[in-house]
Amino acid sequence: MMDLLTFDRENRERIQAVDNSFGASGRPLSQQGRILMGQGRLMKQGRRKPQPKVFFLFNDVLVYGSIILNGRWHKKQKIIPLEDIQLEEMEDGLVMKNQWLIRTPRKSFFVSAPSYEEKRAWIEHIKDCRSSLLLGGSRQPGSTFAVSWIPDQAAFKCMRCFNNFTATKRRHHCRKCGFLVCNSCSKQRAVIDHIHPTKKQRVCRLCHTRGEEDEMSRLRGDSTGKNSSEEDEVAASSDEEEMMQNYASSSWLNSQMGTWGETGIYSYPKPMHLRP
């Protein structure tokens, strides 16, 4: 009983310390039944360049944020329910090692650990916590995930019209396919349910055309059109997966990726009844 009481007290103190590190800008993380399982630093691929982020793994959510003041303070808190997470292992590149893809309905992104052992620890910890959460039956796993964005420096031309980007012809991201496109090729807006159920998102002209064709086929009840649409989606998905695999191992990304040395993941001890 004393061990359990000690664990509960220490767990509350650890979660309170995380809350304090985000300050007033973060959402409170303390709630009944929530346990902080571990924490550590990872490199997260951003739109422009990889950046170090601090990650906190709880038994029901994954939280991350930007690091300031040598890790004593954090900002830009993001909270992802574990049931909405899908992990995908990625191959090592020439320079960038130990990477994997975290897929979520609203955003998907690459992360990298300093060592293979830390990569495996993160993946196994997240999967174990997610499996335990879903075993309860009160939460359902996500089925639709956002694509990961291609970083700005990975393309110098619009990936739809192939015109060069310039100081006035800026880069934009299609929220549907993640491609880098110019403003002329991404004037359309569309609702993407898994990103936001009501707010319209920027999409490229090709994704917008496909969406209109899908909607027309659905309204007509056109089974032929539906099958054709499904085939297009499968082909597009295959093309995008191949593109992302090539991007993940590209020399540009490898040259941009940094490491954090011996930062690691720190797992907190758990009482006996919580251990696998």
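A: Glu124 counts as partly exposed, because its relative accessibility is 40%. The model is predicted, and every value here is computed from it. The side chain of Glu124 meets that of Arg120 in a salt bridge, with 3.8 Å from N to O; the cut-off for such a pair is 4 Å. Arg120 has a relative accessibility of 18% and therefore counts as buried, as the limit for that class is under 20%. Both Glu124 and Arg120 belong to helix α2, where four residues, about one turn of the helix, separate them.

The side chains of Lys119 and Glu89 meet at 3.4 Å, N to O. Glu89 is in strand β5 (residues 86–89) and Lys119 is in helix α2 (residues 116–135), so this pair ties together parts 30 residues apart in sequence. Lys119 is buried, its relative accessible area being 3%, whereas Glu89 is partly exposed at 42%.

In all, the salt bridges number eight. One of them joins Arg34 to Asp60, whose closest N and O atoms are 2.9 Å apart. This pair links distant parts of the chain: Arg34 sits in the loop between α1 (2–22) and β1, Asp60 sits in the loop between β2 and β3, and 26 residues separate them. Arg34 and Asp60 are both buried. They also belong to a network of salt bridges that links Arg34, Asp60, Glu83 and Arg139.

Strands β2 and β3 form a hairpin, with two residues between them. Strand β2 (residues 50–58) runs antiparallel to β3, and five bridges join the two. Lys53 has Ser66 in β3 as its bridge partner. On pairing with β4 (residues 73–81), β3 is again antiparallel, here over seven bridges; Val63 stands opposite Ile79 in β4. Six of the eight residues of β3 are buried, which leaves the strand mostly covered.

Ile68 lies in β3 (residues 61–68), and with a relative accessible area of 31% it is partly exposed. Together with Leu69 and Trp73, Ile68 makes a nonpolar surface patch of about 290 Å².

Strand β1 (residues 36–45) includes Gln39, which counts as partly exposed because its relative accessibility is 24%. The C-alpha atoms of Gln39 and Val54 are separated by 7.4 Å, although the two residues are 15 apart along the chain.

Where do the cysteines stand? There are zero disulfides in the structure. Cys185 counts as buried at 5% relative accessibility, and Cys129 counts as buried at 8%.

For the whole protein chain, the secondary structure amounts to five helices and 12 strands. Of its 276 residues, 41% count as buried. The chain exposes about 15800 Å², of which carbon and sulfur atoms supply 50%. Among contacts between residues at least 6 apart in sequence, 51% join residues at least 24 apart.

Key
Residues numbered from 1 in each chain as written. Predicted model: local features only at pLDDT ≥ 70, side-chain atom pairs only at ≥ 80, totals over all residues. Heavy atoms only, no water. Disulfide = S-S within 2.5 Å. Buried < 20%, exposed > 50% of the residue type's maximum accessible area, 1.4 Å probe, protein only. Contact = heavy atoms within 4.5 Å. Areas by Shrake-Rupley, 256 points an atom, 1.4 Å probe, with all protein chains shown as cover. Patch = residues over 30% accessible without salt bridge, like charges linked within 9 Å, V, L, I, M, F, W, Y side chains within 5 Å. Pairing = 2+ DSSP bridges.
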